[in-house]
Amino acid sequence: VFLFFAPFLFMIGIELFILPIDFFSFRVWEALLIKEFRSILPGHFYPRMEIAKLETGGDLTHNTSFSIPRRVTWITDRYGYRKKDSEGIKPWVVIVGDSNIMGTRLTQEEMLSEVLEQKLKVPVYPYAPVGSINTFLKDLQFRKDPPGVVIVSIIEREILNMPFPKLSQKRERFLSFYEWRDKIKQTKWIQSAGVLLDRLFKMNMLNYVRARIGNRAIIDFCHFPSKFGPMYFVQGEAANKEVSDEHFRKVIETIESYDHVLKKKGIRFIFLPIPNKENIYHDFLPDPRRPVFLERLIQELKKRKIETVDTQKAFEDEYRKNS
């Protein structure tokens, strides 16, 4: 039995203890993503990591003729988010968001949080990717020492699914226990053991070999001809469908509740929507009508005195000037 399993154990040992952590992935994202041990490891990615890698990918991904090589650097902190670890420095601005905020395909200094930090000269924290603002509201590090500003960013296609804010149900008398638990999870040797176990369960070498011999997943994206070549979209025309008045009112109420909850905590709220690709490049779809949902939403939020970034105009202006 030992002789039978010895080659497999040998390969696992090479992967875990000899080869770089990103050896069998084409992006740093997959190399650092937590797969199983979220109860041990905090955040979304392996904590206290620093990786420089030549990523190959782009909109049309790895192993295609459209693949774009790009050198990127990733640094994660003790909480498992993409930020250089800085103990004792309170973030003044926290950006709650998705992969756009996490900086897919960007090197660290190009991330919105890093650029904003340089411009504002105050600490800015990329709290991404997270499911919703509720993850922020129950996070003890922000409950104990809240930031001055929270920017909530979300891609247009997910705006209709934004949940109402829910305040943490953790009772005050148990807070000391939760703080102790979080400190344990931030211990270096606990995190190192958690990363090792998680990498063992990820089986990156096996997945890499399976992909190389042809057993790869194929995602069927919508694509249409354009002057740039085939134009790929996540949803296609479905992304630009009309939104009912009922759904529109519900979204407004949800975002207003974010503003109310955060202001009650003394936090300034800013809403940052990100347009769909189908929104900006609508003229390449079979139905080229310009969608109006995001533009209408931004206008309505501004009428209600909710600070909102007009990304619709910003993206359209950029597209008009530079294609």
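## Core, cavities and ring pairs in a predicted model

Biologist: In this predicted model, which residues touch the most other members of the largest nonpolar core?
Modeller: The largest nonpolar core has 32 residues. Those that touch the most other members of this core are Tyr127, Phe136, Ile159, Ile255, Phe271 and Leu297.

Biologist: Which element gives the most to this core?
Modeller: Several helices and strands each supply at least two residues of this core, namely β3 (93-96), β4 (124-127), α5 (133-137), β5 (149-155), α10 (245-264), β8 (268-274) and α12 (293-303). With seven residues, the element that gives the most is α10.

Biologist: Which residues does Ile255 touch, not counting residues up to four places away in sequence?
Modeller: Ile255 is one of the residues that touch the most other members of the largest nonpolar core. Once residues up to four places away in sequence are not counted, Ile255 touches Met162, Phe269, Phe271, Leu297, Leu301 and Ile306.

Biologist: How many residues make up the other core?
Modeller: This other core lies apart from the largest one, and its members include Ile34, Leu41, Tyr46 and Trp74. The number of residues in it is 24.

Biologist: How much space lies in the largest cavity?
Modeller: A search of the whole structure finds two cavities of 30 Å³ or more. The largest cavity is lined by Ile159, Leu160, Met162, His247, Lys250, Val251 and Thr254, and by class this lining has four nonpolar, two polar and one charged residues. The space that lies in the largest cavity is about 60 Å³.

Biologist: Which residues line the second largest cavity?
Modeller: This cavity has a volume of about 40 Å³. By class its lining has three nonpolar, one polar and two charged residues, and the residues themselves are Glu15, Pro20, Ile21, Phe24, Arg199 and Asn204.

Biologist: Which element gives the most to the lining of the second largest pocket?
Modeller: About 1400 Å³ of space lies in this pocket, and of the 46 residues that line it, Tyr79, Asp139, Leu140, Gln141 and Gln186 lie nearest its centre. The elements that give two or more residues to this lining are α4 (112-120), β4, α6 (140-144) and α7 (175-185). With five residues, the element that gives the most is α7.

Biologist: How many residues apart in sequence are the parts that the pair of Phe248 and Phe293 ties together?
Modeller: The structure holds 18 aromatic pairs, and in this one the rings are edge-to-face, 6.2 Å centre to centre with 85° between the planes. Both Phe248 and Phe293 are buried. Phe248 lies in helix α10 and Phe293 in helix α12, so the pair ties together parts whose separation in sequence is 45 residues.

Biologist: Which residues is Glu300 in contact with, leaving aside its neighbours within four places in sequence?
Modeller: Glu300 is found in helix α12. Glu300 and Ile252 are 48 residues apart in sequence, yet they are 8.0 Å apart in space, C-alpha to C-alpha. Leaving aside the neighbours within four places in sequence, the residues in contact with Glu300 are Phe248 and Ile252.

Biologist: Which residues are linked into a cluster by ring pairs?
Modeller: Tyr127 and Phe136, which are among the residues that touch the most other members of the largest core, also belong to this cluster. The ring pairs link Tyr81, Tyr125, Tyr127, Phe136 and Phe142.

Biologist: Is the peptide bond from Ala128 to Pro129 cis or trans?
Modeller: Most peptide bonds are trans. Pro129 has its place in the loop between β4 and α5, and with omega near -5° the bond from Ala128 to Pro129 is cis.

Biologist: Is Arg105 buried or exposed?
Modeller: Arg105 is found in the loop between α3 (99-102) and α4, and it has a positive phi of about 70° although it is not a glycine. A residue counts as buried under 20% relative accessible area. The relative accessibility of Arg105 is 17%, so Arg105 counts as buried.

Key: Residues are numbered from 1 along each chain as its sequence is written. This is a predicted model: local features need pLDDT of at least 70, side-chain atom pairs count only at pLDDT 80 or more; totals for chains, interfaces and linings use all residues. Side-chain values use heavy atoms; hydrogens and water are left out. A nonpolar core is a set of buried Ala, Val, Leu, Ile, Met, Phe, Trp, Tyr and Cys residues joined through side-chain atoms within 4.5 Å. Buried means under 20% relative accessible area, exposed over 50%, partly exposed in between (1.4 Å probe, protein chains only). Helices (H or I, at least four residues) and strands (E, at least two) are DSSP runs, numbered from the N terminus. Contact means heavy atoms within 4.5 Å. On a 1 Å grid over the protein atoms alone, a cavity is a set of points where a 1.4 Å probe fits but cannot get out, and a pocket is an open set with protein on both sides within 12 Å along at least five of seven lines; lining residues have an atom within 4 Å of a point. Grid points are joined across faces, edges and corners, and a volume is the space filled by probe spheres set on the points. Ala, Val, Leu, Ile, Met, Phe, Trp, Tyr, Cys and Pro count as nonpolar, Asp, Glu, Lys and Arg as charged, and the others, Gly among them, as polar. Rings of Phe, Tyr and Trp (its six-membered ring) pair if their centres lie within 6.5 Å; planes under 30 degrees apart count as stacked, over 60 as edge-to-face and the rest as tilted.
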